Amino acid sequence: MVQFLQVDSAQKAQENPEYKAALTELLFQLADDDFILAYRGSEWLGLAPHIEEDVAFSSMSQDMMGHAVMHYELLDELGLGKADDLAQLRKPEEFRNVILAERKNGSGEYNDAPKYDWAYAIARHFVYGSIKQVKLEALRESSYQKLSFVSRKMLTEHRYHMMHWQVWMKQLANSTDDAKQKLEAALEKVWVDAGELFSYGKQAATIVGFGIVASEESLREKWYASMQQKFTEIGLNWPGDLGIPAESGRDGQHTPDLANALQTLSEVYVLDPQASW
Amino acid sequence: MPYEMSAVTEEKCWELLEEVKDPEMPVVSMVEMGMIHQVKVSDDMVTVEVLPTFVGCPALDMMKNDISNKLKGLAGVKEINVSFVYQPPWTSDRISNEGREKLKTLGIVTPPPQQDDTWQVACPYCDSPYTHVENLFGPAACRSILYCRHCKNPFEALKPIYE
Ligand SMILES: [Zn+2]
């Protein structure tokens, strides 16, 4: 194994501008992915199929929001600005999240005739979560010590999310034909976008070179192996290779869905960013 | 000697911290929950390092304030620094035996001190092992909802967190 440098403080990271730039880029990706998908999850509040699921789903969205906050705080320590401002005051083109995270939950709006797709919610969170799992496992060995610590912590929580989504996958795949068809259609939709989750964007070479996280290929390989096995266990056909959407979220190209989400979620905050809560 | 009387000690801080309750489970203190990692005193400054149980826990800010407010009263303290740290990570085995007993009186079961592959939970009311998980996700990030088939009572359990 190659011995990478160890960076054990924000100050040390800042001393090396190249390292800092690579680290910053990856942290924005991690933070924005969780933040935006947690927001989509929170839009299910009161709309999940039953009350128990409502509690579970909001609890998981809250955990994910917490994970995003940790990454924004790491950015704050690196001098990028206050965590709240990073989450709520940036423009859509400054966001680095994948397109999969920003897609709407279905047709309609939260407060205007929401017709959300539950199978899509399950498929999206399951696939997103399984890729997050391999990423967090790799981040445990990050050269940026603080990132490795928080990743370990997140894994302990994330484990429960995966248990939850896996139960849903199994149930939908093995109940009625209708449920199975809806799940397969949802997986197909998720598949078109999910490949982007393995991308570190334009700075991939530096990010990996500095040992901040393992390479895109190694993560992809690990995921394919474990996921194909899971699909067999669940009783689903393997949909094949993951696709990449037309827009590149990692480069700040987004669909109108993101602008829409950001406008709603920051509505209160932008009124008075100085207000204390 | 007046100087010694007002000198702040780590011991004194720990004593006071025993009185700071977990905002979501006020029968136990944060010390009993194993959430206080370190207390350091240097001159008139106290530094407290806290290990969060769950990172998205909305009570974290409240805990921070409660700790500051508690220590503020100490003579000779000018500055209090409370920060959350993630190394070592908080794990279920950090909960003290006293803490476990107190949570049980609330009807909340704590995970076994040692890691176990299966999560077997005995009912806090009748000790029956015939329980099942109703919802992994309960009223707070750290708790699940369970049901006792024997005495037909619902109860809660802290999710096992091990590294
Ligand atoms: Zn019982």
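**Note on side-chain pairs and the chain A–chain B interface**

1. K104(B) and D127(B) form a salt bridge through their side chains, with N and O 3.6 Å apart. The model is a predicted one. This pair connects distant parts of chain B: K104(B) sits in helix 4 (residues 97-105), and D127(B) in the loop between strand 6 (108-109) and strand 7 (131-135), 23 residues apart. K104(B) is partly exposed, at 35% relative accessible area.

2. Another salt bridge in chain B joins D44(B) to K78(B), where the closest N and O atoms are 3.5 Å apart. D44(B) belongs to the loop between strand 3 (36-42) and strand 4 (45-50), whereas K78(B) belongs to the loop between helix 3 (60-72) and strand 5 (79-84); the two are 34 residues apart. With a relative accessible area of 29%, D44(B) is partly exposed, while K78(B), at 73%, is exposed.

3. In chain A, K202(A) and D251(A) make a salt bridge at 3.7 Å, N to O. K202(A) is in the loop between helix 8 (177-194) and helix 9, and D251(A) is in the loop between helix 10 and helix 11 (256-265), so the bridge ties together parts 49 residues apart in sequence. K202(A) is exposed at 73% relative accessible area; D251(A) is partly exposed at 31%. Over all chains the structure holds 18 salt bridges.

4. Y19(A) is in helix 2 (residues 17-42) and F210(A) in the loop between helix 9 (204-209) and helix 10 (216-234), 191 residues apart. Both residues are buried.

5. F231(A) and W238(A) are also paired edge-to-face, at 5.2 Å centre to centre and 85 degrees between the planes. F231(A) is buried, at 1% relative accessibility, whereas W238(A) is partly exposed at 27%. Elsewhere, ring pairs join W44(A), F57(A), Y116(A), W118(A), W165(A) and W168(A) into a cluster.

6. At the interface, 21 residues of chain B contact 21 residues of chain A. The buried area is about 1900 Å², with 64% from carbon and sulfur atoms. V55(B), Y86(B) and F137(B) supply 34% of what chain B buries against chain A, more than any other three residues.

7. The side of chain B that touches chain A consists of 13 nonpolar, 5 polar and 3 charged residues.

Notes
Residues numbered from 1 in each chain as written. Chains lettered and ligands numbered in written order. Predicted model: local features only at pLDDT ≥ 70, side-chain atom pairs only at ≥ 80, totals over all residues. Heavy atoms only, no water. Contact = heavy atoms within 4.5 Å. Buried area = accessible area lost by both parts, 1.4 Å probe. Nonpolar A, V, L, I, M, F, W, Y, C, P; charged D, E, K, R; others polar. Helix = DSSP H or I, 4+ residues; strand = E, 2+ residues; numbered from the N terminus. Buried < 20%, exposed > 50% of the residue type's maximum accessible area, 1.4 Å probe, protein only. Phe/Tyr/Trp six-rings, centres within 6.5 Å; stacked < 30°, edge-to-face > 60°. Salt bridge = Lys/Arg side-chain N within 4 Å of Asp/Glu carboxyl O.
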